[in-house]
Every structure is written in C-alpha cells, then in structure tokens.
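Biologist: Can you walk me through this one? I'd like to start with the charged pairs.

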Amino acid sequence: MTRTSPETRRPFARPLVPATLALMAGIAAPAWGFTLPLPWLLGGLLALLAAMALIFALRRPARLLPLLFFALLGMALYQQARRPVFPPHHVVNLPPDQIHTLSGYLYLPPKTGAERVQLYLEAEAWHDGRGWQPATGKVLVLAPPLEPPPAGARMVVKGRLREPATPKDPGAFDRARHLAADGIFREMRLRDGDDLIFLAASRPPLRERLRGGVRRLLKGLPPDLGAIYLAMLLGDQGEITPEIRQALARTGTSHLLVVSGLHLSMVAMVVYGLVFWGLRRFPWLLLRLNAMKAATLAAAGSVAAYAWVAGGSPSTQRAEVMVLAYLLVVFLGRPREIWSALALAALVILTLTPLRLFSISFQLSFAAVAAIVYLVPRWVRSDARERPQPPWYVRAWFRLKEWLAASAAASLATAPLVALYFQVVSILGIAVNAVAIPLMLLLALPLGEAAVLAQACSLTPVAQALLFLGKFPLWLGYAAISGAARLPGAAVTVPVPTMLQICLFYLMVFGIFAPRRSFRTWAGAGAAALALTVTVALPLVRSPQVLEVTCLDSRGLAGIAVAPQGQRLVFSAPEPSWPGKGGGGRGVLPAYCHWRQFRHLDQVAALGLSQGNAPELLALARQFTVGEWWYGHRGPQGPAYWELWNFLGDKNQAPRSLERRSSSESWGGAVLKFPSLGRDQAAALLLAYQNRQVLVIPPLRKWEEWEGGGLPPGVDVLIVPVILKDSDWETLANRFQPDRVVVYGNPWRSPPEARHWPARVPLHSTSDGAVTIHLSSTGVTVRQRP
C-alpha cells in the first residue's frame with residue numbers, strides 16, 4: 001500500500017478545510033435557489049458568535065457551530081456581492097435609458113476580439129448637460145475594432161449605460177454574475193468609434209512602460225511564438241489566434257496561456273533557490289539570519305512583483321494568493337501543511353470576492369491542486385525518498401513517475417469541469433501536458449521571466465539573448481501541441497454533465513482512492529459508478545409522444561423543436577440588421593443543446609441567415625453532428641457568414657434553400673412546413689400535431705402577409721417577435737386567433753400590452769425565461785423556466 005504523509009492522508013483534520021468548504025456551500029446556496037433575508041442572516045451570525053463564545057468559555061467542543069457560521073457567512077457575502085449598496089454618485093444611480101458622457105481611465109489592459117474591443121473604464125466624472133459631476137464605478141465599454149491604448153490611459157466615452165444582460169435560458173452563461181465578480185455592474189456598447197476619445201497622456205505608468213518594453217522585445221519572434229510568449233509572461237491574449245486556441249483546447253493545454261499558480265510557482269522556486277544558494281555561500285550570514293525564511297521572503301516579494309507586472313487580472317490575483325499562502329506556511333516552518341495553505345488561499349479569495357467561486361479559473365485551479373495533493377502520494381510510492389542516498393537514475397525515475405501522476409491527477413479532476421464549461425475532453429491531454437509543460441514552463445518560461453527582469457533593469461541586449469534562447473523550447477512545446485491537435489480523436493466533444501453527474505464522478509474517485517479502502521468505500525464507489533451510468537443513459541430513453549417546441553431568450557429568434565419520434569429541428573433567425581453591423585456572438589443555442597445533452601441534430605433551419613446569427617450557427621456546426629442545413633432569406637453578410645458557408649462546404653453539407661420546402665411534409669410523426677412571408681422576408685415555421693398548430697414568425701419590423709404563402713387560418717400557439725408595431729399586434733391577433741402567445745426578442749424592449757390581445761389569451765415573454773410548448777392528444781401545455 002502506498003505510504004502517505006498525515007497531511008495528505010487526513011485533509012479534513014485541518015480546521016481550515018471544513019471551514020472553507022462550509023463557506024463555499026454557503027456561497028453556492030443562493031445560486032441553487034436557497035436564500036434567506038439579509039437581516040435573518042445577520043441575526044443568525046450574531047447568535048452563532050455568541051454561542052461559540054459561550055462554548056469556548058465553558059471549554060466545550062463547538063462541533064458543527066463554526067461550520068454553520070461559515071455557511072451563513074457565505075450566503076451573506078453572496079447576497080452582498082450581487083446586490084451591493086452603492087454610493088449616490090455611482091454609475092449605477094445615473095438616469096437609465098439615456099445617453100451619458102463619462103470620463104475616466106482604463107484600470108486594466110484592454111482585451112481585443114475579432115469584432116470588438118473590451119475596455120475596462122474606471123469612471124471619475126459624468127456630464128449632465130450643465131457641467132461635469134463626480135462619478136465612481138467600473139464600466140465595461142464594448143467598442144468597435146480599434147488600436148487600444150495601454151492601461152492607465154484616460155478616455156471620454158458617450159453612450160447608453162445598461163445592466164449586463166444574461167439570457168434566462170437553461171445552461172446559459174451567467175454573464176452578469178461574472179462581471180459582478182469584477183465589480184462591474186454597467187456596460188456601454190458603442191456603435192461608432194467617434195463616441196470614444198482617448199486623451200493625451202504625459203507618460204504612461206511604470207507598469208505599462210515595463211509591459212510595453214516586453215511587447216517590443218517579442219515583436220522579433222515569429223507571430224505564433226510571440227503571441228504565446230506574450231500570454232504566458234503578461235497574461236495578454238489579444239494576439240492569440242483561433243487556430244492556437246483550438247490546438248490548445250484539443251490537447252488540454254489552454255492553462256498555459258494564463259498567468260496561473262504554476263507560472264508564479266516557477267518564479268518563487270527560481271528566486272528561492274538562488275537566494276538560498278547565495279546565502280549558503282556566506283557562513284557568517286547563516287549565523288545571523290534564517291536562510292530558509294530569508295529565501296521565502298525574497299520569493300514572496302518576487303511573486304508579488306511579477307503578478308503586478310503581469311497586469312493584475314483576476315486569474316493572476318488568484319494565483320498570487322495561492323502561491324503566497326503556501327509561502328506563508330513555509331515561512332512558519334510547516335511546509336507540509338499543503339491542505340491548510342490551499343484552504344487559506346480559497347478562504348481569502350472568497351471572503352474578498354465571493355463570486356469568484358463560480359469562475360472557471362477558480363474551480364479548475366483548486367480542483368487540480370487538490371487532486372494532485374490527494375492522489376499523487378497514493379499513486380507514487382516514496383521509497384526513493386526513504387533511502388539514504390539513492391542513485392541518480394532512481395531519483396530521476398521517481399521524479400518522472402511523480403510528474404506523470406501529477407498530470408494524470410490534474411486531468412482526472414478537471415475533466416468534469418472542462419466538459420461542463422467547454423464541452424470538450426482531451427484524450428491526449430495527459431501525454432501532451434507531460435511533454436509541453438517541461439518545455440514551456442520549466443525552460444521557456446524561466447528564460448522569459450528573466451528577460452522581463454532584464455528589460456526592467458534596462459538590459460535590453462541581455463533580454464533579447466534570453467528570449468532567443470527561450471524560443472527554442474517554446475517552439476518544441478508548441479510543435480508537440482499542434483501536432484497532437486491534428487491527430488484524429490485527440491479530443492472528443494461531450495454533452496454538458498449535470499451537477500449530479502459531477503458529484504457522482506467525484507464520489508466515485510474518492511471511493512476508489514480513499515485513505516482507508518474497505519468494503520464500504522468500494523461499495524460506495526460502485527454505487528456512484530452505477531448511478532452515474534444510469535444518469536448518462538437516461539437521455540437516450542425515448543420521450544413521450546408529444547411535439548415539443550422551445551423558444552429561447554435571445555435578441556433574435558432561437559429555438560428547438562423535438563418531434564414525437566425524437567427528431568430534432570433547430571430554428572434560428574437574426575434580428576433586423578444593416579450592412580456593416582457586427583455579428584451576434586455564439587448565441588444561446590449551443591449552450592442550450594449542450595444542457596439538453598444533445599449530440600445529434602437532425603436539421604438546422606435558418607429562417608433568416610445573416611452576420612447576426614452566423615456565429616451561433618457556426619458554433620452549432622463545429623460542436624454537433626447535424627444532418628441537414630437549410631436557409632431562408634439572406635441578409636447582410638460578414639466574416640462569420642462566409643466562414644460558416646466555407647465550413648459547411650468543406651464538410652459537403654452545403655445549405656439548401658427553404659424555398660424548396662414550401663409545402664407540408666411529414667416529420668417524425670408531426671407535420672412541418674415553412675410558409676413564405678415574401679421575397680425579401682425570412683420564412684415562417686409551422687408545426688402541427690394532433691390537429692394543433694404552432695406558428696413561429698421570424699423577426700420582422702412590419703407584418704405584411706404575402707398572398708400564396710400558405711399560412712393557416714388560425715393557430716393554437718403563436719410565437720412572435722417583440723419588435724413589431726402595436727398595429728401589427730392587433731392584426732396578428734385578429735388574423736390567427738391564437739389561444740396562447742409567446743413573445744421573444746430584444747431584452748430591452750417591453751412585451752406588448754395586454755390590450756392588443758383578447759383577455760383570454762395568455763401571454764408569455766422569453767425575457768422571463770425560456771418557454772417550452774408541448775402539443776399532445778390531450779391539449780397544449782406551456783412551461784416557462786424562470
């Protein structure tokens with residue numbers, strides 16, 4: 001049996017570990033729907049504090065009271081982070097739905113994308129028409145493509161302040177919560193670059209001068225290597241191409257682009273080793289100070305300095321806290337208290353920013369480190385360390401096994417989370433990481449960090465020489481990654497696992513590698529594996545004989561229909577746009593289909609196709625197996641539009657026109673039809689089952705029925721866009737006489753007033769959540785997910 005240390009064998013014996021887990025559970029509880037009023041939470045916290053003080057005075061064990069205290073504290077921290085109390089001059093309190101002029105500075109480096117630039121503005125003043133008034137708060141400015149200035153630049157911006165919108169669809173990314181973790185509660189979208197003015201600055205801050213010097217040095221490298229080096233050293237991913245991201249994602253090496261704990265650990269290890277070695281050269285110094293503590297302090301200072309130069313992004317700050325927490329326990333003479341250091345880092349991060357619990361980087365980092373600490377001692381025997389002076393080949397073999405075990409443990413622990421957020425699991429991740437990490441993080445990264453230090457000391461020739469040496473291991477590492485990514489089967493696309501499936505997976509792993517394995521642990525692992533298999537097989541069971549139509553919360557039209565026999569039809573149409581307008585992003589359809597654990601889609605029908613919904617359809621084409629592609633009216637075109645067309649052409653799945661499907665056809669036990677609404681309009685969608693009909697109207701600015709379109713005289717359910725005029729609402733109500741109406745579209749426009757529809761007609765808006773309609777022999781039912 002593998003011999004492990006007490007620290008790794010009994011993590012829950014450390015008091016910080018259960019306290020941190022209780023805090024995490026309290027933060028996660030409101031996200032799962034369990035909330036308590038804030039006054040109740042404060043009263044409960046005070047009562048628990050008094051009870052624990054009394055128990056401490058009586059010298060009795062507190063037992064579960066501290067855990068309950070941290071759980072309630074987590075709930076209070078979550079509610080305060082989502083709904084903080086803002087000062088009167090905060091940008092949140094500015095008049096809504098008005099155009100405002102803000103003045104401030106960039107507090108973080110901008111992020112450059114294909115169609116827009118994200119600028120992080122710290123507001124200082126706003127103009128009310130009479131003069132400048134003081135203002136505070138952070139604003140995310142989404143600007144057209146431009147050459148962004150460095151952090152610290154001053155700027156004036158003009159536009160509408162809006163609350164970050166999050167689609168209320170199952171599986172949708174909670175963007176508002178993600179921005180709230182960074183203290184951002186308002187965003188501003190600019191249509192024109194003239195609404196943004198950068199003010200002249202006398203001299204950039206010291207950090208930006210250092211970062212600018214590193215960028216100039218990296219210009220001499222090949223574009224791919226320079227982009228990777230820039231991301232590894234400064235956390236700037238603006239030059240990373242989609243090809244690089246795809247190669248890293250398929251091989252499970254995307255973590256290399258983030259200034260993570262592994263990067264900062266390399267800084268700490270190098271500085272610690274150099275300082276400790278230097279102090280040992282002077283015996284008289286060792287009589288006056290503790291070399292280990294002096295080296296630890298030097299390593300902590302270098303980690304803080306490097307994190308500051310790297311830009312201070314949330315992932316960098318998290319990694320900095322993790323490394324500094326471990327250096328603290330080393331300084332205190334407890335280097336094997338890894339669980340306590342990990343729990344302390346999580347406790348500090350979540351106390352300061354509780355919403356970080358829901359960030360991808362936080363979950364991946366702590367899951368990987370916890371798995372390495374827990375599993376590696378159980379997989380790798382420590383006989384080499386117990387021998388007095390083992391030969392070098394024994395030590396090398398042990399280090400190799402330890403490295404491979406660490407890579408396997410991290411990949412095993414993060415696999416469910418990677419599937420949850422990225423829907424991709426790398427098959428070759430363990431092998432590729434075992435090759436790429438030594439080359440890129442143990443060789444290229446230290447040389448690059450030394451180049452950053454030399455550049456900071458104005459030793460440009462030395463920095464150039466270090467980067468010249470560093471590009472060779474970097475090239476070898478990236479060549480291994482790109483070569484593995486091109487192999488068939490390097491990665492598989494998987495459905496999004498549910499929270500139950502993730503918990504069952506971790507229970508199974510814990511039962512198999514429990515500290516004290518027994519019949520109970522094996523039985524528990526087997527039960528978890530059986531339950532996991534059942535939950536995976538459940539979606540394969542055929543659903544009841546009903547026609548299901550789901551309309552999602554989206555700016556345009558996005559939905560999916562499931563036939564009584566199980567066939568799946570995705571329908572989409574963009575909101576009305578104009579030439580030159582940017583794309584609509586990945587949209588909500590891929591996330592919803594992953595949430596439903598779909599892998600195959602029988603048909604995708606773009607009732608309207610333009611640059612607005614092309615990125616969303618391109619994501620579907622890349623992530624799912626699609627049988628047929630159809631398109632209706634084609635609108636303004638752009639890069640994503642042609643990329644979709646070329647991608648489908650390369651797969652011999654060129655879309656076909658819906659004009660060929662104007663007549664009714666049988667579809668999985670139901671009836672399917674695409675009525676025409678005119679030559680320059682997107683097609684409609686008509687679904688019928690058991691003498692009941694659903695009519696989907698695409699986004700239109702004005703309703704005009706076209707003769708010969710084949711629309712029915714009446715329908716049971718009418719799905720219409722919110723952008724129609726009031727007169728069109730009355731026309732549709734009289735024309736189709738629906739029993740139920742579903743309204744979709746722009747989240748910032750209110751649904752039609754009830755006076756436009758008969759009082760008996762229920763009105764459902766997707767702005768309140770995705771709407772699912774079931775047509776069966778017993779009638780029509782509508783369910784909405786808030």
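Modeller: Start with E187. At 2% relative accessibility, E187 is buried. Keep in mind that this is a predicted model.

Biologist: Which side chain meets E187 in a salt bridge?

Modeller: That is R189, at 3.6 Å from N to O.

Biologist: Is R189 buried or partly exposed?

Modeller: Partly exposed, with a relative accessible area of 42%. The cut-off for buried is under 20%, and E187 at 2% falls below that.

Biologist: How many salt bridges are there by this rule?

Modeller: The count comes to 12.

Biologist: What does D182 pair with?

Modeller: D182 forms a salt bridge with R356, and the N to O distance is 2.7 Å. D182 sits in the loop between helix 5 (175-180) and strand 7 (184-189), while R356 sits in the loop between helix 13 (338-352) and helix 14 (360-379), so the bridge ties together parts 174 residues apart in sequence.

Biologist: And R356, buried or exposed?

Modeller: Buried, with a relative accessible area of 12%.

Biologist: What about R596? Which residue is its salt-bridge partner?

Modeller: E548, with the closest N and O atoms 2.7 Å apart. This pair also links distant parts of the chain, 48 residues apart. R596 is in the loop between helix 21 (589-595) and strand 14 (600-609), and E548 is in strand 11 (residues 547-551).

Biologist: How accessible are R596 and E548?

Modeller: R596 is partly exposed at 23% relative accessibility. E548 is buried at 12%.

Biologist: New topic, helix 7. How far apart are its end C-alpha atoms?

Modeller: They are 16 Å apart. Helix 7 covers residues 223-234, which is 12 residues.

Biologist: Why call helix 7 largely enclosed?

Modeller: Because 10 of its 12 residues are buried. Among them are L225, G226, Y229 and M232.

Biologist: What do those buried residues of helix 7 pack against?

Modeller: Several helices. The list is helix 6 (206-218), helix 8 (242-250), helix 9 (261-280), helix 11 (291-309), helix 17 (429-456) and helix 18 (460-485).

Biologist: What comes just after helix 7?

Modeller: G235, which takes a positive phi of about 70°.

Biologist: Back to helix 17 and helix 18. At what angle do their axes cross?

Modeller: At roughly 160°, and the axes come within 8 Å. That makes helix 17 roughly antiparallel to helix 18.

Biologist: Is that crossing of helix 17 and helix 18 left-handed or right-handed?

Modeller: Left-handed.

Biologist: You listed helix 11 too. What can you say about M292 there?

Modeller: M292 is in helix 11 and is partly exposed at 27% relative accessibility. Beyond residues up to four places away in sequence, M292 touches Y272, F276 and V330.

Biologist: Last one. Where is T316, and is it buried or exposed?

Modeller: T316 is in helix 12 (residues 314-331). T316 is buried, with a relative accessible area of 1%.

Biologist: Which residues does T316 touch?

Modeller: V259, L264, A307 and A310, leaving out residues up to four places away in sequence.

Methods
Residues are numbered from 1 along each chain as its sequence is written. This is a predicted model: local features need pLDDT of at least 70, side-chain atom pairs count only at pLDDT 80 or more; totals for chains, interfaces and linings use all residues. Side-chain values use heavy atoms; hydrogens and water are left out. A salt bridge is a side-chain nitrogen of Lys or Arg within 4 Å of a carboxyl oxygen of Asp or Glu. Helices (H or I, at least four residues) and strands (E, at least two) are DSSP runs, numbered from the N terminus. Buried means under 20% relative accessible area, exposed over 50%, partly exposed in between (1.4 Å probe, protein chains only). Contact means heavy atoms within 4.5 Å. The expected span of a helix is 1.5 Å times one less than its number of residues. Axes are lines fitted to C-alpha atoms, for helices over the stretch in contact, and angles run from 0 to 180 degrees between N-to-C directions. Angles under 35 degrees count as roughly parallel, over 145 as roughly antiparallel, 65 to 115 as roughly perpendicular and the rest as oblique. A crossing is left-handed if the near helix is turned anticlockwise from the far one by less than a right angle, and right-handed if clockwise.
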